[in-house]
Amino acid sequence: MAEMRIGVLTGGGDCPGLNAVIRAVVRTGHRVHQDEVIGFLDGWRGVLEGDSQELDEERCRGILAVGGTILGTSRTNPFAVDGGPEQVMRTIACKGIDALIAIGGDDTLGVADRLGPMGLKVVGVPKTIDNDLSGTEVTFGFDTAVQIATDALDRLHTTAESHHRVIVCEVMGRHAGWIATYAGIAGGAAEILVPEVPFDVDEVSERLRRRHAGGRFSSIVVVAEGAVPSDPVIAADATAISSSAPVDQFGHARLGGIGSWLAAEIERRTGYEARVTILGHVQRGGTPTARDRVLATRFGVAALEAVHDGAFGTMVALNCGDIIRVPLAEAVGNPKTVDLHLYRDVAGPFMG
Ligand code: F6P
């Protein structure tokens, strides 16, 4: 007789390390507690539609190093569907689920938090390459995205140097500049532009001109997909290109394109040949770094233990090297923006 019947889902954008969490939940559940684990497919969609599969150790064999999620994911929001929250609660009851582990970012865990008062026993696991979730020092997936972006910058340096070009590299991160800042520091970028600090395209161009006049004949500019020019008129022009109408059930616009706009503007102002590389989903795909595998595994084990301790309505989180539990409400609704000390005082002196 199983000790508990535990549901698990992965929601939002996929992220390297999701499978490591699933594997940790299933293994710890089976080996330590004799739990049954049920995976809901495609995030909250699977819960809404009762679409699930039993997860055993066999199903989780060999997935530790595999990117993506064996459960699939979606940006389905039960609160955007008529009667959605009630349907979620019906599925949980029908399937005999004692508790749910939701692996996601702000949107997925925001839903989990809102379902708590309706009676859902839920524990959250913080996931996103963007690292913009509050309550935890870091989310799993971030390290991998930074490593991929850094590798790309290393490669862009040699081609930029050979052609004496400015190369603008656009990275993901939504409205937070974590990936841009970390990869920009690690990859030796001449400019790092983040959403938290609007940039002046004339000043960026002037700094590049000074840099090239000082004997450097190539430059790498890292721009976060959510970065915006400080001049409101120019910003309107740039945002029209880089942000499309709301496309998901959480009302998020799709970002992307500021890099192309910026490269053209730099070329126009400086006369230097400029090119753009938009890294896009490459940053989210493929195998997680060792650091992300370890963190994801620790989060999975901790989430399972939180369920057995009855610590519902919490999210497992990293704090000074330890895994702690924070209220879900503390983690959601208030994105964690980039550390300005890191951006200004550590990255700053290397720019220009
Ligand atoms: O939140 C992760 C993320 O990769 C963001 O950096 C990016 O803006 C967004 O997801 C892209 O979403 P989608 O894969 O739905 O286009």
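Here are a few friendly notes on the domains, their interface and the nonpolar cores of this predicted model.

1. Let's start with the layout.

2. Next, the interface. On the domain 1 side, twelve residues are in contact with 13 residues of domain 2. About 1,200 Å² is buried between domain 1 and domain 2, and carbon and sulfur atoms give 57% of that area. Sorted by class, the side of domain 1 that touches domain 2 has four nonpolar, four polar and four charged residues.

3. What about specific pairings? Across the interface of domain 1 and domain 2, zero salt bridges are found by the rule. Polar contact between domain 1 and domain 2 comes to four residue pairs, with both residues at pLDDT 80 or more.

4. The largest nonpolar core has 65 residues, and I101, I103, V125 and F140 touch the most other members. This core lies between domain 1 and domain 2, because both give residues to it.

5. V125 deserves a look in your viewer. Leaving aside neighbours within four places in sequence, V125 is in contact with residues including I101, I103 and F140. Also among its contacts are V21, L109, F299, A303, M315 and V316.

Key:
Residues numbered from 1 in each chain as written. Predicted model: local features only at pLDDT ≥ 70, side-chain atom pairs only at ≥ 80, totals over all residues. Heavy atoms only, no water. Contact = heavy atoms within 4.5 Å. Buried area = accessible area lost by both parts, 1.4 Å probe. Salt bridge = Lys/Arg side-chain N within 4 Å of Asp/Glu carboxyl O. Polar contact = N/O pair within 3.5 Å; in protein donor to acceptor, adjacent residues only side chain to side chain. Nonpolar A, V, L, I, M, F, W, Y, C, P; charged D, E, K, R; others polar. Core = buried A, V, L, I, M, F, W, Y, C linked by side-chain atoms within 4.5 Å. Buried < 20%, exposed > 50% of the residue type's maximum accessible area, 1.4 Å probe, protein only. Domains from an automatic or database assignment.
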